[in-house]
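Please brief me on the structure below. Keep it short and sort the points by topic.

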Amino acid sequence: MKTVYTCFCTDVIHEGHLNIIREAKKYGKVIIGVLSDEALIKFNKFPTISFNERFDLMKTIEGIEKIVVQKDIFYDEIVNTINPDYIIHGDNWKTGPLQVIRNNVLSLVQRGGGRVKLIEVPYTCNENVLIEDKKNNEKRSMPEYRRRRLKELIKLRNIVKAIEVHSGLTGLLAEKTIVENNGTLDQFDAMWISSLCDSTAKGKPDIELVDMTSRFRTISDVTEVTTKPIIFDGDTGGLIEHFVYTVRTLERMGVSAVIIEDKIGLKKNSLFGNEVKQTQDSIEHFCEKISTAKKIQLTEDFMIIARIESLILEQGMLDAIKRAKAYVNAGADGIMIHSRKKSPDEILEFCRIFRTENKTTPLVVVPSSFNTITNEELAQAGVNIVIYANQLTRAAFPAMESVLKDILKYHRAKEVDERLMPIKDIITLIDEL
Ligand code: SPV
Ligand code: MG
């Protein structure tokens, strides 16, 4: 008897899946593949239940020959291992990011010279299935799922990539942008709510002027339309007595981490360095801020990450290392080391020294100035999270400015139209509930 292979990446079984199984049985014995967690998150299908629970879920389907683990979103390894006669899939993978996986299967079919055949069945698009699919996806946006995702990603990923967002629209872009890179799918893992860009979007300077209530409003706009984890730029954290409230609110909102910098008084943006007056906090006071907040934190998953400004304020490497050790001892869940140098050398030196003694505390960097270094090189140096802290804001601003100028120049909008997103695309960009 022939064998038919199908792979599911789902936390629920609905009519659509059962239909595929029904079709599959017509061709032979059915083997179901359950995608591993690592493979699932490659296309942002972060599971809401554990791998074992997903595996057990498949056991509830009747008449299945075997259930296996598929460790990669591409089918090469699994097809080599189980040698099926058929692969069956819903035709929903003909559009969108899943196309890359379909192409992989088509090339396997071609290379196999007819040994393995592909069966595509019309995806069950009835109302129940659509609602179930959407609910399954949107569950990931709930605070209890979203909050814990950053810690899980740090464990699963070589390096976690975060991108700046400052609105619902930029959040949507971060959520939905998936590219194919050398045959694999790639996307940002997390979002950074930058104080610089949140302030800039409101036309305000980055000096802790935009109050926390307004910053929380930005988080809320983003959480409403996304599922990826959020790292919040908490500036200095303010007074210890205030910071504890901020931590509670962030946890409640489903934010995964706050990063606070060791400055005190009127904070200015770090990229100014010593060109403006900025004061670094004492080690003792900043440690007290960290340990007090860690004590009031309610959830296991939330991370308080300490950001060291010693290199920005030219206090030297020894000071940076000394502070890193002290902040970890005070309970910090991670260390962000910042630099405004063009070269990544001082960041790499910090990582090397820090990692000789400390192998586990997550390290975070923001390569805005030292932008020649790649994610892979940073991962190699022991960095766990890379934050692209302001690129969306900086991309949008010149694009908008040039459109403004050209409409004024030509007294009409025709000349700029080619540069604009078609109206049809913009009205279909946002899904309705
Ligand atoms: C931000 O994005 O607001 C940051 C990073 O804090 S930096 O602008 O480099 O200080
Ligand atoms: Mg900031």
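The model is predicted. The space taken by ligand 1 is the largest cavity. Asn 83 and Asp 235 both have a positive phi.

**The shell around ligand 1**
- The residues around ligand 1 include Trp 192, Ser 194, Ser 195, Asn 269, Arg 307 and Ala 389.
- Sorted by class, this shell holds 4 nonpolar, 5 polar and 2 charged residues.

- Asp 233 uses its side chain, where a polar atom lies 2.8 Å from an oxygen atom of ligand 1.
- His 338 also uses its side chain, with an N or O atom 2.7 Å from an oxygen atom of the ligand.
- Taken alone, ligand 1 exposes 280 Å², and the protein buries 100% of that.

**Positive phi angles**
- Most residues other than glycine have a negative phi.
- Asn 83 is not a glycine, yet its phi is positive, near 50°.
- Asn 83 sits in the loop between helix 4 (76–82) and strand 4 (86–90).
- Asn 83 counts as partly exposed because its relative accessibility is 44%, and that class runs between 20% and 50%.
- Asp 235 is not a glycine either, and its phi is positive, about 50°.
- Asp 235 lies in the loop between strand 10 (230–233) and helix 11 (240–253).
- Asp 235 counts as buried because its relative accessibility is 4%, and buried means under 20%.

Key:
Residues numbered from 1 in each chain as written. Chains lettered and ligands numbered in written order. Predicted model: local features only at pLDDT ≥ 70, side-chain atom pairs only at ≥ 80, totals over all residues. Heavy atoms only, no water. Near = heavy atom within 4 Å. Polar contact = N/O pair within 3.5 Å; in protein donor to acceptor, adjacent residues only side chain to side chain. Areas by Shrake-Rupley, 256 points an atom, 1.4 Å probe, with all protein chains shown as cover. 1 Å grid on protein atoms, 1.4 Å probe; cavity = no way out; pocket = protein on both sides within 12 Å on 5 of 7 lines; lining within 4 Å. Sits in = over half its atoms within 2 Å of the grid points. Nonpolar A, V, L, I, M, F, W, Y, C, P; charged D, E, K, R; others polar. Helix = DSSP H or I, 4+ residues; strand = E, 2+ residues; numbered from the N terminus. Buried < 20%, exposed > 50% of the residue type's maximum accessible area, 1.4 Å probe, protein only.
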